[in-house]
Amino acid sequence: MNIYRMIDANINRVSEGLRVLEDISRFILEDSDMSRSLKEMRHIVRKSFSDSKLITFRDSCNDLGLSISQSSTIDNKEDLLSLVEANFKRVQEGLRSIEESLKVLGHYDKSKVYERLRYESYDLEKKFGLKKDFIDTDIYGITAEEFSLGRTNIQVVEEMIKAGIKIIQYREKEKSKLEKYNECKAIRKLTKDSGVTFIVNDDVDIAIAVEADGIHLGQDDMPIEEVRKIAGNMIIGLSTHNIKQAKTAVEKGADYIGVGPIFNTTTKKNVEKSEGLKYLKWVSENIQIPYVAIGGIKESNIIEVKKYGGKCFAMISEIVSSPDIVKKVESIRKLLKTI
Ligand code: TZP
Ligand code: MG
């Protein structure tokens, strides 16, 4: 019967986490909608067991709930943001644990309720504004060691950070999993220390292992819905090349889309076809989620891209092949300010 005790402990854990979040939104942020949604969620969690025979196991394990709450380290959280973050994590882990326990017990319908609650908690976390608003930046840096003039990806990332780039994607097609993992681990540290958003291309497992901020997928990678199941509330970006793909990306819950290739490029092998600037213009007028223009963008054509609705510009060769990345970024930014 230990599985019932596990469920009970997690009901407490989830309810406590939700209560903390509810109080923060009510008393500190004064966000009554958020507070109401969290309260409703807490009531569903409590109620879903009050009419069930599982309740009979509750009294016998109150002691467990108490010891969990006492061992919580939430009091040590330095600031509000990490308090909110830690409590959402606690809620989501608890919901997942209940969901899996219910499956083992054969309560599949109830397990689905908990799966839905977990997804709802991702949405609420997003609404809490915890995810970095990465599109609020102009340049999206991407690594590619083969074009980096002999510098390593780590060195290039250091330069990008020095240049003030606020979002960096690790993209490396020629290396082994272990090499990629080791580089991502180091880049995660650099980006975390400097408050830069870190996205990993292709390798969902590496992104999760190094605790990146996000994952970037292509049309031939794992479907977003599947990645969402394992990556939770991480940022998920998807490359798109036409209107249909952009609409589908939004439907499937992408957090941002790549739009391109805008111009011809030799950086990417087997590059897709796209209507480039025309497609970008359509996205800028019709898509509500953040988008990043990519493909052949240079200092020499970036103004044109901006005129077609570009706001955030991803560049590989123009940046990594520049001998002075700091100067290059400075110069591009100066140019962007002219229109
Ligand atoms: N996706 C579409 S085009 C492209 C990717 C990854 C390559 C962009 O590289 P560059 O050097 O900025 O043209
Ligand atoms: Mg890919």
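## Ligand site

In which pocket does ligand 1 sit? Ligand 1 sits in the second largest pocket. A pocket is an open set of points on a 1 Å grid over the protein atoms alone, with protein on both sides within 12 Å along at least five of seven lines. Sitting there needs more than half of the molecule's atoms within 2 Å of the grid points.

This is a predicted model, where local features need pLDDT of at least 70, side-chain atom pairs count only at pLDDT 80 or more, and totals for chains, interfaces and linings use all residues. Residues are numbered from 1 along each chain as its sequence is written, chains are lettered from A and ligands numbered from 1 in written order, and side-chain values use heavy atoms, without hydrogens and water.

## Shell and contacts

Residues around ligand 1 (a heavy atom within 4 Å) include Arg-171, Lys-268, Gly-295 and Met-315. The shell divides into three nonpolar, five polar and two charged residues.

Polar contacts are pairs of N or O atoms within 3.5 Å. Oxygen atoms of ligand 1 lie 2.6 Å from a side-chain N or O atom of Thr-265 and 2.5 Å from a polar side-chain atom of Thr-267. Ile-316 places a backbone N or O atom 2.9 Å from a ligand 1 oxygen. The protein covers 96% of the 370 Å² of accessible area that ligand 1 has on its own (Shrake-Rupley, 1.4 Å probe).

## Cavities

There are two cavities of 30 Å³ or more. A cavity is a set of points where a 1.4 Å probe fits but cannot get out.

Conventions
Polar contact = N/O pair within 3.5 Å; in protein donor to acceptor, adjacent residues only side chain to side chain. 1 Å grid on protein atoms, 1.4 Å probe; cavity = no way out; pocket = protein on both sides within 12 Å on 5 of 7 lines; lining within 4 Å. Nonpolar A, V, L, I, M, F, W, Y, C, P; charged D, E, K, R; others polar. Points joined across faces, edges and corners; volume = space filled by probe spheres on them.
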